[in-house]
Amino acid sequence: MGKIILSMILVLVIIYIVPFLMYSAFTVLTDLKVPEGASPLQFLISILVSKIGVAITFVLIFHFARNSIGGQWFLYAFIWWLMLSIGEIGQAIGPNYTWKEAVADILSETIYFPLSAYIVNWLLVLK
């Protein structure tokens, strides 16, 4: 149980910090703004809450399916990346979300899903 909780914490840190850095870079490079009607603190807290759910789900699915997908961490990361990247595109097509935000999120996911999957595989399968 300790490795599962450690995995969740590490994944949460990764999937929260990487987008924060990516958004910071996009803010400087493209003048990306915090969504209208939200303060920066409110925005960061809302992202944290959603990332907690993703981290828990990411680790638990891997844990329960580790006999089937253990060692195939990159495929696992790709499936998550594909699912959420398509969601980002769908949001960008709709209202109140920009393509800048979608691109920043997709680039973030390109970094944090493989890194997270590698760590989870290492902690739950290899170690």
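Trainee: Which residues does Ile 15 touch, leaving out those up to four places away in sequence?
Mentor: Ile 15 touches Lys 51, Val 54, Ala 55, Tyr 112 and Ser 116, with residues up to four places away in sequence not counted. Keep in mind that this is a predicted model.

Trainee: Where is Ile 15 found?
Mentor: Ile 15 is in helix α1.

Trainee: Does it count as buried or exposed?
Mentor: Ile 15 counts as buried, because its relative accessibility is 1% and the cut-off for buried is under 20%.

Trainee: And what separates the C-alpha atoms of Ile 15 and Lys 33?
Mentor: The separation is 20 Å, for two residues that are 18 residues apart along the chain.

Trainee: Let me step back. How many helices and strands does the chain have?
Mentor: There are five helices and zero strands in the chain. Along the sequence the pattern reads α-α-α-α-α.

Trainee: What does the C-alpha trace span along its principal axes?
Mentor: The span is about 45 × 25 × 20 Å.

Trainee: What share of the contacts comes from residues 24 or more positions apart?
Mentor: Such pairs account for 76% of the contacts with a separation of 6 or more.

Trainee: OK, the inside now. What percentage of the residues count as buried?
Mentor: Of the 127 residues in the chain, 34% count as buried.

Trainee: Which residues touch the most other members of the largest nonpolar core?
Mentor: Val 11, Phe 58, Val 59, Tyr 76 and Val 120 do, in a core of 21 residues. Helices α1 (2–30), α2 (40–64), α4 (73–93) and α5 (99–126) each supply at least two residues of this core. Helix α5 gives the most, with seven residues.

Trainee: What does Phe 58 touch?
Mentor: Leaving out residues up to four places away in sequence, Phe 58 touches Val 11, Tyr 76, Trp 80, Phe 113, Ser 116, Ala 117 and Val 120.

Trainee: And what about Val 59, which residues does that one touch?
Mentor: With the same exclusion of residues up to four places away, Val 59 touches Ile 4, Ser 7, Met 8, Val 11, Val 120 and Leu 124.

Trainee: Different topic. What is the phi of Asn 96?
Mentor: Asn 96 has a positive phi of about 65 degrees, although this residue is not a glycine. Asn 96 is in the loop between α4 and α5.

Trainee: Why does Asn 96 count as exposed?
Mentor: Asn 96 is exposed because its relative accessible area is 78%, and the cut-off for exposed is over 50%.

Trainee: Last one, the surface. How much of the accessible surface belongs to carbon and sulfur atoms?
Mentor: Carbon and sulfur atoms hold 75% of the accessible surface of the chain, which comes to about 7500 Å². As for charges, the chain has 6 positive and 6 negative ones, and their mean positions are 17 Å apart.

Definitions and conventions. Residues are numbered from 1 along each chain as its sequence is written. This is a predicted model: local features need pLDDT of at least 70, side-chain atom pairs count only at pLDDT 80 or more; totals for chains, interfaces and linings use all residues. Side-chain values use heavy atoms; hydrogens and water are left out. A nonpolar core is a set of buried Ala, Val, Leu, Ile, Met, Phe, Trp, Tyr and Cys residues joined through side-chain atoms within 4.5 Å. Buried means under 20% relative accessible area, exposed over 50%, partly exposed in between (1.4 Å probe, protein chains only). Helices (H or I, at least four residues) and strands (E, at least two) are DSSP runs, numbered from the N terminus. Contact means heavy atoms within 4.5 Å. Accessible areas come from the Shrake-Rupley method with a 1.4 Å probe; for residues, only the protein chains shown count as cover. Lys and Arg count as positive and Asp and Glu as negative; His and the chain ends are not counted. The place of a charge is taken as NZ of Lys, CZ of Arg, CG of Asp or CD of Glu.
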